[in-house]
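Please look at the model below and read the report beside it.

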Amino acid sequence: MLLGGREVVVVCSAAAISSIYTTDHNTLGAQEMHQALYYAVSGSKGSSTEVHGVVTYLILPVLDQRLSRRAMRDLTAPIALALYSKVKLYTQMKSARVPLKKFLTEPLCYATNLVMFGSRYPENIYEDLHTLDETMTERFYGVPFWFWPSEKARRRMLGQISDYLSTKDISEEDGWLGAALKKSFRDNNTALHEACNHFLALQWGMQTNTFGIALWLFLFLLHHPDAFLAIRNEIEKAIKEDFGDLESFVTNVKPQMLEKPAIFIPFRVAKSDFQLNDQGRTVTVRKGEYILGSVQAVHMNENSYTDHHKFVFDRFAHGEHREGRLPTEGHPWFSFAAGKHLCKGRYLAMYELKMVAILYLHLFDFTPVTNGSSPWWPPRTTSRNLGIPRVKEIFVDVHPRHEA
């Protein structure tokens, strides 16, 4: 199919998607995708070789080290405390009508940036990041849109990032991840403007994917009272029986308590003609074609899920899964990709989502607001999406359940 000016081969089986993951990177490469996202976020084209080289040899090794499972043991409590310090301010109000996405994600953006990039990094980046993200689909697919508000937001962020990366020294004030990235850029003589562009692309990738998933998590829970109540009861029980109160939970939380899966969609470019295995048959992919593994189509396969049309909140909770194995048997699902190359920020993302669910479900009651004659469910999505469907603004009435 033709998608955003790109010829794309779409496969919809667990076997085919797993085959994509195991195909050598010299056959199915990510260089063009790195460059396309780099350009869409930063506005600077660069060459695919240079962009891919910085991502592969400078940024990804830092992420492997700084966002590993072991590293998260030291990061969970600081992020939880920073997030809680912001969220508990809302408990001072009796009730309020708020946009759900911003209510959930602005405190999360602050907390993650504070720990990862330190006190030198600007606190007020959320609005500009959100403004840029709202145009990312149009930028990536190259369709007309009114660009000026997002362009101003991007310029402000690049200016702030330039100030952040230009400090003479590197210290603890640069954060757990920021300090390591600054050192890597300087050790390899990366030009400042290139470092700023890569940093902005990393910031966008770290934050906005989690924003979308957190929003959809709450939308589904609000639409399914049984699931909402089951998860809230689990949270309440853990806080009361294992910690006594929320303050103790936030202070002593460990990453092992918070691991849950999410969906990933691979997008690769063929470097040469090759044959892709797909459940006993082969799919021919030509050089230059893009290939997309549709995880949603896998999960909608009635041969695997007779109730695929239903929202089953614990569908994958009891399935066998071991990291690094290909999910081709039973009820397949893809947790931050599969096989050899997994999402570098998977432990951070899992932790963020669980912390948002725990804090907000423990502290607040939510009532979705109907806009005139239009029901809030199903959510109105935009005509174009980039991975996670974008939702038109949804407001909720928020009521604190008890004092923080």
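In this predicted model, Val285 is in contact with Ala270, Ser272, Asp273, Phe274 and Ile291, once its neighbours within four places in sequence are left aside. Val285 is found in strand E7, which covers residues 281-285. Because buried means under 20% relative accessible area, Val285, at 0% relative accessibility, counts as buried.

A second residue to look at is Asn113, which lies in helix H5, residues 100-117. Asn113 is buried as well, with a relative accessible area of 4%, and, not counting residues up to four places away in sequence, Asn113 touches Gly118, Tyr121, Ile125, Gln203 and Gln207. The table sets the two residues side by side.

| Residue | Element | Relative accessible area |
|---|---|---|
| Val285 | strand E7 (residues 281-285) | 0% |
| Asn113 | helix H5 (residues 100-117) | 4% |

Asn113 also belongs to the lining of the largest cavity, together with Cys109, Tyr110, Leu114, Gly118, Ser119, Tyr121, Pro122, Glu123 and Ile125. Rolling a probe the size of a water molecule over the atoms shows where empty space is left. Two cavities of 30 Å³ or more are counted in this way, and the largest cavity holds about 70 Å³ of space. Its lining residues divide into six nonpolar, three polar and one charged.

How do helix H2 and helix H10 pack, and at what angle? Helix H2 (residues 31-42) and helix H10 (residues 192-223) pack at an angle of about 95°, and their axes are 9 Å apart. Since angles of 65 to 115 degrees count as roughly perpendicular, H2 and H10 are therefore roughly perpendicular to each other. On the H2 side, Leu37, Tyr38, Val41 and Ser42 take part in the contact, and they meet Glu194, Asn197, His198, Leu200, Ala201 and Trp204 in H10. The residues of this contact divide into six nonpolar, three polar and one charged.

Finally, the protein as a whole can be described. The protein has 14 helices and 10 strands, and 49% of its 404 residues count as buried. Of the contacts in the protein with a separation of 6 or more, 75% are accounted for by residues 24 or more positions apart.

Key:
Residues are numbered from 1 along each chain as its sequence is written. This is a predicted model: local features need pLDDT of at least 70, side-chain atom pairs count only at pLDDT 80 or more; totals for chains, interfaces and linings use all residues. Side-chain values use heavy atoms; hydrogens and water are left out. Helices (H or I, at least four residues) and strands (E, at least two) are DSSP runs, numbered from the N terminus. Buried means under 20% relative accessible area, exposed over 50%, partly exposed in between (1.4 Å probe, protein chains only). Contact means heavy atoms within 4.5 Å. On a 1 Å grid over the protein atoms alone, a cavity is a set of points where a 1.4 Å probe fits but cannot get out, and a pocket is an open set with protein on both sides within 12 Å along at least five of seven lines; lining residues have an atom within 4 Å of a point. Grid points are joined across faces, edges and corners, and a volume is the space filled by probe spheres set on the points. Ala, Val, Leu, Ile, Met, Phe, Trp, Tyr, Cys and Pro count as nonpolar, Asp, Glu, Lys and Arg as charged, and the others, Gly among them, as polar. Axes are lines fitted to C-alpha atoms, for helices over the stretch in contact, and angles run from 0 to 180 degrees between N-to-C directions. Angles under 35 degrees count as roughly parallel, over 145 as roughly antiparallel, 65 to 115 as roughly perpendicular and the rest as oblique.
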